[in-house]
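The sequence and structure come before the description.

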Amino acid sequence: MEKNTITVFKGDGIGPEITDAVLKILDAAGAGLEYEIFRVGAAEYEENGALIPEAGFASFEKNRVLLKSPITTPLGTGFRSLNVMLRKKYDLYANMRPARSNSAVKTPFENVDIVMFRENTEDLYAGVETQVDQDTAHSIKIITRKCSERIIRAAFGYAQKNGRKKVTCVHKANIMKISDGLFRDIFYEVSKEYPQVQAEDKIVDNVAMQLVMQPQKFDVIVTENLYGDILSDLTSGLIGGLGLLPSSNMGEDFAMFEAVHGSAPDIAGKGIANPTAFLWSACMMLEHLGKQETAVKIRRAVDEVLRQGTALTPDLGGTAGTKEYTEEIIRQL
Ligand code: NAD
């Protein structure tokens with residue numbers, strides 16, 4: 001099997017715990033990977049004065065594939081989100097977040113299979129904010145044709161390639177008529193290139209309600225940065241929580257794979273974090289590297305451990321720790 005070298009960022013909170021678990025499983029599955037591992041985030045900053053070491057950037061620029069665990073972002077003050085910075089710096093414009101029910105994880109919702117495409121580089125996350133005076137702050141929402149077209153094309157392209165029936169554009173063009181209106185107009189323009197796929201649009205507040213009433217009505221969703229951020233946490237709730245939602249961040253030249261969840265400071269260091277979302281993100285990375293068979297093997301092992309239900313982490317109703325869950329997956333492999 002071809003050896004690939006990937007860059008790994010161990011972040012904050014539960015980041016190091018889930019990274020160790022995932023790398024162990026990848027090795028046990030014979031993924032054929034070499035790792036260049038870097039500590040990033042708060043601990044790195046305190047010791048070396050940089051949130052991401054220069055060698056970490058250089059490694060990613062060389063390998064072009066990054067497996068990144070969550071990084072803490074201070075609220076209100078302090079440094080800007082490293083996640084947002086990485087997505088912008090490497091133009092990782094297409095954030096794909098697949099939320100699929102797993103029959104072994106019981107939730108009030110069944111047969112959920114929603115693939116969300118979130119625009120990753122603009123909107124209110126462009127970080128164009130000004131403090132006009134002490135009592136007034138402005139934040140500018142940026143929507144461009146270029147960025148809208150490419151994320152919408154990514155969603156339709158995925159739908160077409162994977163035999164999906166419908167793409168729903170989620171927006172708030174009834175209020176933000178110019179910016180969201182532009183996104184919606186471009187959606188219908190691009191949809192003409194994909195006549196086999198049904199195109200529809202819905203307003204974001206309505207979608208929030210419909211997702212918890214009839215999630216099975218949704219297939220592929222394409223949306224702007226902020227709505228995608230919020231709605232994809234919601235879709236994780238439909239399938240059993242943030243511990244189960246992976247993601248890829250793709251650009252033309254670089255690819256970054258991470259769990260949707262954050263650094264979970266409330267459970268950090270307790271050894272009970274669920275590494276599944278990060279592991280499934282690693283499976284998306286394996287597919288990107290052409291290692292489909294290994295990805296299938298790992299997914300099967302996870303499914304079996306979830307089905308047996310004897311070594312689940314507390315977020316899934318179990319009493320096992322990250323270590324026991326990881327060992328059980330390796331045993332299945
Ligand atoms: P969070 O996603 O870290 O946690 C939300 C809740 O989900 C917590 O109760 C947590 O314990 C639980 N949870 C999350 N991941 C879990 C897992 N793998 N296993 C079990 N339970 C899990 O969200 P938050 O608390 O709002 O954010 C914490 C920090 O993470 C913030 O600084 C935020 O900016 C950052 N963050 C980073 C990323 C990223 O690196 N991509 C994404 C989201 C948030």
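## Helix pair α1 and α9

In this predicted model, the axes of helix α1 (residues 15–28) and helix α9 (residues 276–288) come within 9 Å of each other and cross at roughly 45 degrees. The crossing of α1 past α9 is right-handed.

On the α1 side, the contact is made by I18, V22, I25 and L26, which meet F278, L279 and A282 of α9. By residue class, this contact of α1 with α9 comprises seven nonpolar residues, with no polar and no charged ones.

## Domain layout

The domain assignment of the protein chain gives domain 1 as 1–97 + 240–333 and domain 2 as 108–223. Between the C-alpha centres of domain 1 and domain 2 the separation is 25 Å.

## Contact between the domains

Across the boundary, 12 residues of domain 1 are in contact with 13 residues of domain 2. On the side of domain 1 that touches domain 2, the elements giving two or more residues are α4 (82–89) and β4 (94–100). Of the elements on that side, β4 gives the most, with four residues.

What is the division into nonpolar, polar and charged residues on the side of domain 1 that touches domain 2? There are five nonpolar, two polar and five charged residues on that side. For the contact of α1 with α9, by comparison, the division was seven nonpolar, no polar and no charged.

How values were computed:
Residues numbered from 1 in each chain as written. Predicted model: local features only at pLDDT ≥ 70, side-chain atom pairs only at ≥ 80, totals over all residues. Axes fitted to C-alpha atoms, helices over the stretch in contact; angles between N-to-C directions. Left-handed = near helix turned anticlockwise from the far one by under 90°. Contact = placed C-beta atoms within 7 Å. Nonpolar A, V, L, I, M, F, W, Y, C, P; charged D, E, K, R; others polar. Domains from an automatic or database assignment.
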